[in-house]
Amino acid sequence: MNNSIENNAAPLRTRLKQRRAAQNSVDCNRGALLIRGRLFTWLATTRTRLREEGRRAPENIAAFWAMEDEPALQPLLQQWVEEEGYRVSLPVVTTPDAPLAFRLWTPDAALQPGAYGIMEPVGEPAPPPDIILVPTLGYTRQGDRIGYGKGYYDRTLAALKAQGHVFTTIGIAWATGDLSGENHTPAAHDVQLDAILTDKGWAKPAPVL
């Protein structure tokens, strides 16, 4: 990454985390519920339409185990597995500079803390994902993303593309992460997301599969 871009991104991440932490807990609970509802509706209507068209519908969803300040996805992940029959996976950090691996998750799956204290499944490897939900700290309306600075998702998305795998990325963010008006220049290796969903709605429109 260009040093000047990285030097600008570090204080920006700090400001974004401060904005996120300042949110009211009731608003966060309500916002997370709205995010889960919009995701569920989008995927359900998309699957119905694709099946009606005789096309393959998404089956494999790579999600993430939300940290305390992130929109809670866990209830939706359980619903997808138990009621909708999707295969849900969670990311696993293998080594610091490698792409993420994805392992299958179910509500009764064994989890253990990973390299950054985030819970990771210990089960079998997941199939390549059709949809990837990406934790997003900051975003632009064009789909540029600021994450936590470790580059895991940039490496992961680039590796999947290099393998010729077709997938759809959806950033999951709080609306406080909107970078409109901020002086943000994406790094050369940053991969734009296909859509971004916040507690205020789709910041970058829902993808059409």
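Reader: What should I know about the model before I start?

Author: It's predicted, so local features need pLDDT of at least 70 and side-chain atom pairs count only at pLDDT 80 or more, while totals for chains, interfaces and linings use all residues. Residues are numbered from 1 along each chain as its sequence is written, and side-chain values use heavy atoms, with hydrogens and water left out.

Reader: At what angle do helix α2 and helix α3 pack?

Author: Axes are lines fitted to C-alpha atoms, for helices over the stretch in contact, and angles run from 0 to 180 degrees between N-to-C directions. Here α2 (residues 25-52) and α3 (residues 74-84) pack at about 30 degrees, with axes 10 Å apart. That makes α2 roughly parallel to α3 (angles under 35 degrees count as such).

Reader: Which residues of α2 and α3 meet?

Author: Contact means heavy atoms within 4.5 Å. From α2 you get R36, L39, F40, L43 and R47; from α3, P75, L76, Q79, W80 and E84. By class, that's six nonpolar, one polar and three charged residues.

Reader: What volume does the largest pocket have?

Author: About 740 Å³, where a volume is the space filled by probe spheres set on the grid points.

Reader: How many residues line the largest pocket?

Author: Lining residues have an atom within 4 Å of a point, and here there are 42, with R145, Y148, K150, Y152 and Y153 nearest the centre. The largest share, five residues, comes from α1.

Notes:
Helix = DSSP H or I, 4+ residues; strand = E, 2+ residues; numbered from the N terminus. Parallel < 35°, antiparallel > 145°, perpendicular 65-115°, else oblique. Nonpolar A, V, L, I, M, F, W, Y, C, P; charged D, E, K, R; others polar. 1 Å grid on protein atoms, 1.4 Å probe; cavity = no way out; pocket = protein on both sides within 12 Å on 5 of 7 lines; lining within 4 Å.
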